[in-house]
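Here is a short report on aromatic rings and nonpolar packing. Please keep the sequence and the 3D view open while reading.

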Amino acid sequence: MSTTRKLWLGLAALLVASFAVLLWVGKEVHQQAPPLPTAVVTADGQTLYTKGDMEEGRQVWQSIGGQQLGSIWGHGALLAPDWSADWLHRESMAMLELLSRDAGLGPYDTLTAQQQAPLKARVQEELRTNTWDAASNTITVSALRARAMEAVAAHYMSLLGNDPATHKLREGYAMRENTVAEMEHRREVTAFFWWTSWAAATQRPNEPMSYTQNWPYEPLAGNTPTSTSFLWSVFSILFMIFGIGLLGWHHARQVSHEPLPIVPARDPLTEFKATPSMKATGKYFWTVLGLFLAQILLGATTAHYQVEGQQAYGFALANYLPYSLTRTWHTELAVLWIATAWLATGLYIAPLISGHEPKFQRLGVNFLWVCLLVIVVGSFAGQWFAVMDKMGLKYNFWFGHQGWEYTDLGRFWQIFLFIGLMLWLFLVGRALWPAMDRNKEGASIVGLLFLSTVAIGLLYGAGLMWGEHTHIAMVEYWRWWVVHLWVEGFFEVFATAVISYLFVRLGLLRVTTATTNVLFATIVFMAGGVLGTLHHLYFSGTTTAVIALGASFSALEVVPLALIGMEAYETWKKQHEAPWMARYRWPIMFFVAVSFWNLVGAGLLGFLVNTPIALYYMQGLNLTATHGHTALFGVYGMLGLGLMLFCLRGIRPDAEWREGWLKSAFWLLNIGLSLMAALTLLPLGILQLKAVLEHGYWFARSAEFMDRPLIHMLVWMRVPGDSLFALGALLISVFVAALWLAPKRRSATLPLGKRQTEGV
């Protein structure tokens, strides 16, 4: 059996086993999710909240931005509190205060430690005892807890309105006045917040931990890390070390002695003239840069809200473009522009690979681009109407704001996008099909490229697996299929196959070497990538199995990065293989940057927050944002820009290629991203981690902590990095525009061989 066949069989077995386990975990999450009761009642039979209150409260919360304004169970925005943690702390303090005053001891904070101890024990018993009755599906609370719940609910109802008493706090949270206009809707939101905090502290039946594995850290409620979190954190580190060692051994054993191919004397791709559909992808790259610039502007606006609250340099911006909306668009645009670059690359490269231009392919490419614009404009308009409370709950789920970070689009727009991806799959697939002949050289790489295209098209469908009232634990389960498996998983396989095939076509790699490398890299990545999805779900109302599997396999995601330095060096060398390779210097440099940020952003900073014990304290802090920014743009964004530049070489072959602009843009983007992480996100995250360890999770996300002068100074220190980054994005945009708007270079009329040796 050939090596290629063995690798294909290994990959197939790995994917079948991994997805089988992932689906089994989904069944477990569904069966053991925190119960949503029919009613919350007092011991004397008074109904405090109904299931309808909690469900409609969640709908209201989603319509105002959901996880884009604060967070639930740690997933969401960094400004405004985690509402589960905040409610839990406030309810704990309210009960302690009531107990102290009822006992005639005075204010709680004036008591000695000996006087406080029995009160704390009583509060922990109230919070951790599970009073859910399965037969009646009700939760019963004591009179003491009911009084505390009433006090906390009054605070939130004031906060969600326009009460002057909580105006300062709304400014700290960057919430607009009258965030929720109707009083009844405010009360219902408090019902949902209370339920998420109840699940965070109440112990699972017959188990010593809460439904969220004791997250968040809240000593007053008895929420501390579980032994499971410590145990599997240790094992995950051992798995990572073992995996790196095994990969190093395999690499040393499998060093190829196959002679390098003879580099062609001229660029092989100049023999291929771009087809009409390939040229039509040019408008996609214009769209990529437009979305990229818009994302940067919205990112700066979102960051500025941390220092001026509801305003921007004195202008009441929150009245027209609230924080939850700017952050929604900022995160969505990040995914949209990167995905658009990769989708356009697929449309461009498919005819290049097969040498076949299907009938009406250009029409399909143009139609898909129009659909993309309609989806962006339509979904963003719907989200504005929803957040500004101009849509109502009836249509919000379908056309407004779903409130789930990265998957905020209304369901109608999700379906529209899924149909668009099916069209993309059809267009790329039919152009690739002639190259799928098993007897053709490079068929395995083309096959992997085709299968990753199928996976990209189909996996977005995971975002359609939940409904308006699906349990939040199950929504989180399916949502991370989209965010992790779709964006971080099969798009990366697609990109790996594309880059390898391009190097084969350029004559820099032998087909056999590239095929083996791509298949092996895919196996190594997917070994941790599929089940590594579960590390996002440690504390989302899931079971211990999620921690065990998520910790073990997410550690394996770091393994491929162990040899990233050699990969970067090999990629960098390719620009010097022949004089004509200068044409591809900057696409290759962006690929080198991908390797660097893969190591730093995805590897080093990713593993920093991946183990259960680390994420227990760091989830939802700026340390996770440091990883998110450096991995999302550093890896996937840089890759999108590199692929774009490669495609533009073929779309505009005779246009003047301004090397200086690209060089400046490249370094400004990389230096700007480094400064953004080093001067603001990382130090701010470390300060928040210290606050968590000393006071509890609630404090690190509180207005009291975030309003400190030191925090404001760190936010302002984003300006140098953000400015350089924005300038780099502007330069690369001007560079692309000049390919169409500036006159063709003078050497375009010279013979091809002579042109290739000139400075390009």
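## Aromatic pairs

The structure holds 51 aromatic pairs. It is a predicted model. A pair of aromatic rings is described by the distance of the centres and the angle of the planes.

Take tryptophan 586 and phenylalanine 666. Their rings form a tilted pair, 5.5 Å centre to centre with 50° between the planes. The two residues are 80 residues apart, and their pair links distant parts of the chain. Tryptophan 586 belongs to helix H20 (residues 585-610). Phenylalanine 666 belongs to helix H23 (residues 659-695). Both tryptophan 586 and phenylalanine 666 are buried, as each has under 20% relative accessible area.

## A ring cluster

Ring pairs also build a cluster. Its members are Trp61, Trp83, Trp87, Tyr156, Tyr173, Phe192, Phe193 and Trp404.

## Charges over rings

Two arginines sit over tryptophan rings. Arginine 649 lies over the face of tryptophan 657, 3.9 Å from the ring centre. The charged end of arginine 658 is placed over the ring of tryptophan 661, at 5.0 Å from its centre.

## Nonpolar cores

The largest nonpolar core has 211 residues. Within it, Trp83, Trp194, Phe292 and Met644 touch the most other members. Helix H16 (residues 472-505) gives the most to this core: 24 residues.

What does tryptophan 194 contact, leaving aside its neighbours within four places in sequence? The list is Val40, Tyr49, Trp87, Glu91, Ile139, Val141, Arg145 and Met149.

Notes
Residues numbered from 1 in each chain as written. Predicted model: local features only at pLDDT ≥ 70, side-chain atom pairs only at ≥ 80, totals over all residues. Heavy atoms only, no water. Core = buried A, V, L, I, M, F, W, Y, C linked by side-chain atoms within 4.5 Å. Buried < 20%, exposed > 50% of the residue type's maximum accessible area, 1.4 Å probe, protein only. Helix = DSSP H or I, 4+ residues; strand = E, 2+ residues; numbered from the N terminus. Contact = heavy atoms within 4.5 Å. Phe/Tyr/Trp six-rings, centres within 6.5 Å; stacked < 30°, edge-to-face > 60°. Lys NZ or Arg CZ within 6 Å of the ring centre and 35° of its normal.
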